[in-house]
Amino acid sequence: MHIARRTLLGAFATSAAAGALAASPAQARPPGGGAAAAALARLLPRHHDQVTFRSLPRHGGADAYRVTGTAGRILVEGSTPAVQLTGFHRYLRHTAHAHFSWSGEQTGLPRSLPAVRTPLTATANVRHRFVLNDTNDGYTGPYQDWDYWQHEIDVLALHGFNEVLVYAGADAVYHRTFIEHGYSDAELRQWVPGPAHQPWWLMQNMASFGGPVSRQLLDRRTALAQRIVGRLRELGITPVLPGYYGTVPPGFAHRESGARTIPQGDWGGFPRPDWLDPRTAAFTRVARTYYRVQRELYGATSMYKMDLLHEGGTPGDVPVGAAARAVEKALRTAHPDAVWAILGWQSNPRREIVDAVDRSRMLVLDGLSDRRPSVTDREQDWGGTPYAFGSIWNFGGHTAMGANTPDWIRLYDRWRTKPGSALRGIALMPEAADNNPAALAFFAGLAWSDGPTDAAGWFRDWPVCRYGAEDPGARRAWEVLSRTAYGTTRADGWSEGAEGLFGARPDLAVAHAASWSPGQLRYDAQEFERALPALLTVAPALRHSTAYRHDLLDVARQCVSNRSRALLPALKSAYEDGNRTRLAALSRQWLGWMDLLEELVATDAHHLLGRWTAQARSWGSSAAERDRLEYDALSVLTTWGPRASANGGKLHDYANREWAGLVGGLYRLRWATYLKELDAALAARRKPKPVDWFALEDRWTRHHGALPSTPKGDVLQAARKVADRL
């Protein structure tokens, strides 16, 4: 290696290490020590000293827990610190009627924790309990800090997951790797996208957009990733890191001796990075560098995620089986016992891949288990390759409620226990996390169940722990929700709920905001609306938790969102009839519902667009970088990319969501513009003039004015206004 290049790398390593040390002060341990005890001290600072954690041997190689104890003296035994937390969370839910989630919690506990009348025991029925989608960092929060991640990891441990995908910090691995292969610091920082778009770069879909990234940003993200993987290891959770399968910067074939690259064409209007032929010596050299650098920064792990030829990738003249064997060989050379995790999505993994590799050390994370009715025999599809039963109930971070829980009940246990089953895990993979807390709890519980879940019993018990006590209004509300938003199935070919139309590009015939979303509501909207008045009758003593207030907002928001689908046909009819008076009245109704929706979501910090942009700006080291990072974060929610991607690639509004600032900002601007033009067209007896929606959206994304960053109003009052108007 050139001396100057070694010096530069040394500076990077020193900077990253210094950042990690500065960001990682020693965590104070509560009496008794241990990672589970430390987590409980963070979660329940007034009660943690009433709980003792101890190790428990695995049962037949499977994770297990046992909870016993008298009032104020609870003993939790488990095979890892994370499993101990899983056992304690079961105790919280079923004995203490308390609950943690990634969307609201209920921790109103008596001074002395209640006794365990009958020991609570469970053994995991699968080895792999995987969580997070490749897109999670982009759609959940590309600029989240350690406080967020610390709590998120605690919540995932409480829910029983033992494998967590970590994409944060991968940018530094690629940056350092290709500096060793002839690229300059500036070239690579230009190639690496902004954090909001990095997941798709890591899946070999695109590059560069939202950049260039700064040295300071790379260092801060490295330090954050080191803390994330460090905490996961403390808890006994496997960090799942991205492996190397051939993504290279532009012009690599001209810089590396013996390199051969295959152009990958476009993805969603973006030019894809070239793919380095895995059969070549150049691939072997790059992979060796990549895994060494990754180990130096984040240590080794036992599972690596790689999606060879993802979403339209082309092998060219490279035999897919030979490429898979070479990718696997590079992984095995660096990490002999590691598992290759690969997403089951569209046509992937191709049969040539699973036929070429050691299937016993591959895990397919099935993203279609509860989506496609044609999925019936994964053993045949993938030749007996171990797989995880998965769900992607959310796409793009849409705020729609719902999940196909009947499919989970009907399919999971049957597939797991059938003769010759290759089902070895669960994979919870919504494209964005921090939504649908009932789905999180229900799905996570599959891995700890003794058989098929009783849906009626589960939804009867859920509001008790969610809000803290039995309540007839809460029970009625969740009976309705279990039949509607959480009672859908894959029979219609969907796994996610339909978004509302307020966030869609205006058109009288529009059926969805994102191009690949359901075109109609998947349950009865009038039946769903019955949940809102029921929730509003919940006893005042149970209304103070963030869990109740989250659910009240979510149900009220969904009721308003659903109204867009009922109102749009009336708008269309008025326009086609040439009735300006009727069109004007309906336009006022439409915009009035949007104003009420903005008022409702503005009551909650997690529904504020200004919070999202403020997080992005907080990572910038200069005014110019703060502006660039804000655009990176905001564009992924609006245009997603440049005109070619937004329009030609159909990516605009893919990540639409009903947040304050978006609803009252861009979304209202679009619909007000459109409805005004419809009226003008009727008045002049002409066709409506076309609107350049991308130009309007991009202008707003860059020059949006002030955005709400602190909550305003009261969710209870806003929800009552919604109920009165329905």
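A contact here means heavy atoms within 4.5 Å. On that basis, 76% of the contacts in the protein chain with a separation of 6 or more link residues 24 or more positions apart. Keep in mind that this is a predicted model. The protein chain runs to 726 residues, and 63% of them are buried.

**Fold and overall shape**
- Count up the secondary structure of the protein chain and you get 27 helices and 17 strands.
- With a radius of gyration of 26 Å, close to the 27 Å that the globule rule gives for 726 residues, the protein chain is as compact as a globular protein of that length.
- Taken along the principal axes, the box filled by the C-alpha atoms is roughly 75 × 70 × 50 Å.

**Surface and charge**
- About 26,200 Å² of the protein chain is accessible surface, and carbon and sulfur atoms hold 51% of that.
- As for charge, there are 85 positive and 73 negative side chains in the protein chain.
- The centres of those two sets sit 1 Å apart.

**Cysteines and disulfides**
- A disulfide is a covalent bond between the sulfur atoms of two cysteines.
- Searching the whole structure turns up zero disulfides.
- Cys465 has a relative accessible area of 2%, so it falls in the buried class, for which the cut-off is under 20%.
- Cys559 comes in at 0% relative accessibility, so Cys559 is buried too.

Technical notes:
Residues are numbered from 1 along each chain as its sequence is written. This is a predicted model: local features need pLDDT of at least 70, side-chain atom pairs count only at pLDDT 80 or more; totals for chains, interfaces and linings use all residues. Side-chain values use heavy atoms; hydrogens and water are left out. A disulfide is a pair of cysteine sulfur atoms within 2.5 Å. Buried means under 20% relative accessible area, exposed over 50%, partly exposed in between (1.4 Å probe, protein chains only). Helices (H or I, at least four residues) and strands (E, at least two) are DSSP runs, numbered from the N terminus. The radius of gyration is taken over C-alpha atoms; the globule rule is 2.2 Å times the number of residues to the power 0.38. Accessible areas come from the Shrake-Rupley method with a 1.4 Å probe; for residues, only the protein chains shown count as cover. Lys and Arg count as positive and Asp and Glu as negative; His and the chain ends are not counted. The place of a charge is taken as NZ of Lys, CZ of Arg, CG of Asp or CD of Glu.
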